[in-house]
Structure formats: structure tokens, C-alpha cells
Amino acid sequence: MTEPSTFILILEGLLTGAGVTVVVTLVSLFLSVSLGFGLALVRQFGKRRALHALIDVYCEIMRNIPALTHLFILYFGLASIGFRLSSIAAAILGLGLIGGAVTCDLFRAGFAALPKGQAEAALAVGFTPTQTILDILTPQAMRLALPSLGNYAVQLLKDTSIVSAIAAPEIMFYARSLVTSSFQTTLIYTMVAVLYLALALPLMQAIRVLETRYGRLKA
């Protein structure tokens, strides 16, 4: 039977890791969405085919190479040539770059789903191309992409578990350390599962609220 002091020690460690998990998730998500939106704009509306090709290559590389490989390159590979990132910085950058490729496709799908006549009508009444893209097309594309972005955000939260491989002190990092020191394997990993669920449920609820509000705006 686990002593109360041991339970409290485990809980404190996992909560400390949860704080890092939240930070990595939110900052990585911001980087992913910002990068993905910018890439989608260039890919969807840019005129230079060379840029299109570069974006396509980037997305294929980021999506088809395991995330852990990217993290190892950023954390260990760059350090070997004298450019050292902290484990948290490498985790955020790696997940953000990967997420940029994922969200680029989500935003492109949102833009592609819009009727072409909307852009033509906006230009016909005097909107500039930039105003048409940002004021007319982007809000609608964002609404269409929101459900998929929500699913990606929850997946990103779960994917932060892999950054323990580069010693980022998130939930799984503390869990493994605590298992080694206390041997309370079942208890610790059950608490980890509950903690991830406790983080994911509010995120899912926030996404549902955003979807509802966007639906009202559409109506």
C-alpha cells in the first residue's frame, strides 16, 4: 500500500511536469498555427511555383519523418555542431515546425472549400486582393478548419509525451523518474492517464465553444 507521503510526492512531481506540458503545448500550438496559416496563404494565393514546390517539400518532410527524429536532430544534432538548444526550446521548435506542416494542409483545405465566386464578388465591389483574402476568405476558412484544428490541438497535447526523450521535464519525464525511484508503476501511470485526461477535456470543451460561436456568426 502506498504511503500518503509517497502519493503526495508523486502528485507534486507529475503536476510540475504538467505545467511544462501545458507550456509546450500552447507555445507549440501558437507556432504551428501561425506558421501553417502563413504557408497556406503563400501556397494557396502565391503566384511563384518555386515557393509552392518548397512548401510542398517542407510539408512532406515534416509529416513523413517521425517526430522523434526531428527532435533528436534539433536537440542532439545541432548541439554536435555547436548550436545548443534547451530541451524545452527544442521540443517547442520541433513540435511547432511539424505542426506547421499539418496546419498548412488544414488551412489550405479550408480555403479550397470556399466558393470561388466569393473572391470574384469581393473584387468586383472594390476590395483589394489583400482585403479579399484577409477580410472575406480567411474568417470562413478558419471556421471550416476549426474542427480539424481542434483535433490537432488535442493530439499535440498527447504528443508532448515524446519530448521526454530529449529530457524535457514534462509529465512523462517525471513519471519515468518517479517509477525508477518509487517502483509504484501502476499508480504513477494511472495518475499520468488521469492527468492527461484532465488537461484534454477542458481543451476539447474550449474548442466546442469556439465552434459554437463561429456557427452563430455564420448564421
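This section describes the helices of a predicted model, the way several of them cross, and selected residues.

The protein chain contains eight helices and zero strands. Read from the N terminus, its elements therefore follow the order α-α-α-α-α-α-α-α. Along the principal axes, the C-alpha atoms of the protein chain occupy a box of roughly 75 × 45 × 20 Å. Of the 219 residues in the protein chain, 36% are buried.

Two packed helices are described by the angle between their axes and the distance between the axes. Helix α4 (residues 87–112) takes part in a pair with helix α3 (residues 67–80), in which the axes come within 9 Å and cross at roughly 135 degrees. The helices α3 and α4 are therefore oblique to each other, and their crossing is right-handed. Helix α4 is also paired with helix α2 (residues 49–64); here the axes come within 8 Å, and the crossing angle is roughly 120 degrees. This angle makes α2 oblique to α4. In this pair, α2 passes α4 in a left-handed crossing.

The crossing in which α5 passes α6 is right-handed.

Helix α6 also holds R143. With a relative accessibility of 21%, R143 counts as partly exposed, since buried residues have values under 20%. The C-alpha atom of R143 is separated by 9.8 Å from that of F107, and these two residues are 36 residues apart along the chain.

The loop between α6 and α7 includes A167. Although A167 is not a glycine, this residue has a positive phi of about 70 degrees. A relative accessibility of 36% places A167 among the partly exposed residues.

Helix α7 comprises twelve residues, 171–182, and reaches 16 Å from its first C-alpha to its last, close to the 16 Å expected at 1.5 Å a residue. Its buried residues are I171, M172, A175, L178 and V179. These residues cover an arc of only 125 degrees around the axis, which puts them on the same side of α7. An α-helix has 3.6 residues a turn, so residues three or four places apart point the same way. The face of α7 that is turned away from the buried side carries T180 and S181, which are exposed.

At the start of the helix, a side-chain oxygen of E170 comes to within 3.1 Å of the backbone nitrogen of M172, a residue that is itself buried in α7. Just after α7, F183 adopts a positive phi of about 65 degrees, although F183 is not a glycine. This residue lies in the loop between α7 and α8 (185–218). At 67% relative accessibility, F183 counts as exposed, because the cut-off for exposed residues is over 50%.

Methods: Residues are numbered from 1 along each chain as its sequence is written. This is a predicted model: local features need pLDDT of at least 70, side-chain atom pairs count only at pLDDT 80 or more; totals for chains, interfaces and linings use all residues. Side-chain values use heavy atoms; hydrogens and water are left out. Helices (H or I, at least four residues) and strands (E, at least two) are DSSP runs, numbered from the N terminus. The expected span of a helix is 1.5 Å times one less than its number of residues. Buried means under 20% relative accessible area, exposed over 50%, partly exposed in between (1.4 Å probe, protein chains only). The arc is that of the directions from the helix axis to the C-beta atoms. A polar contact is a pair of N or O atoms within 3.5 Å; within protein, one must be able to donate a hydrogen and the other to accept it, and residues adjacent in sequence count only if both atoms are side-chain atoms. A crossing is left-handed if the near helix is turned anticlockwise from the far one by less than a right angle, and right-handed if clockwise. Axes are lines fitted to C-alpha atoms, for helices over the stretch in contact, and angles run from 0 to 180 degrees between N-to-C directions. Angles under 35 degrees count as roughly parallel, over 145 as roughly antiparallel, 65 to 115 as roughly perpendicular and the rest as oblique.
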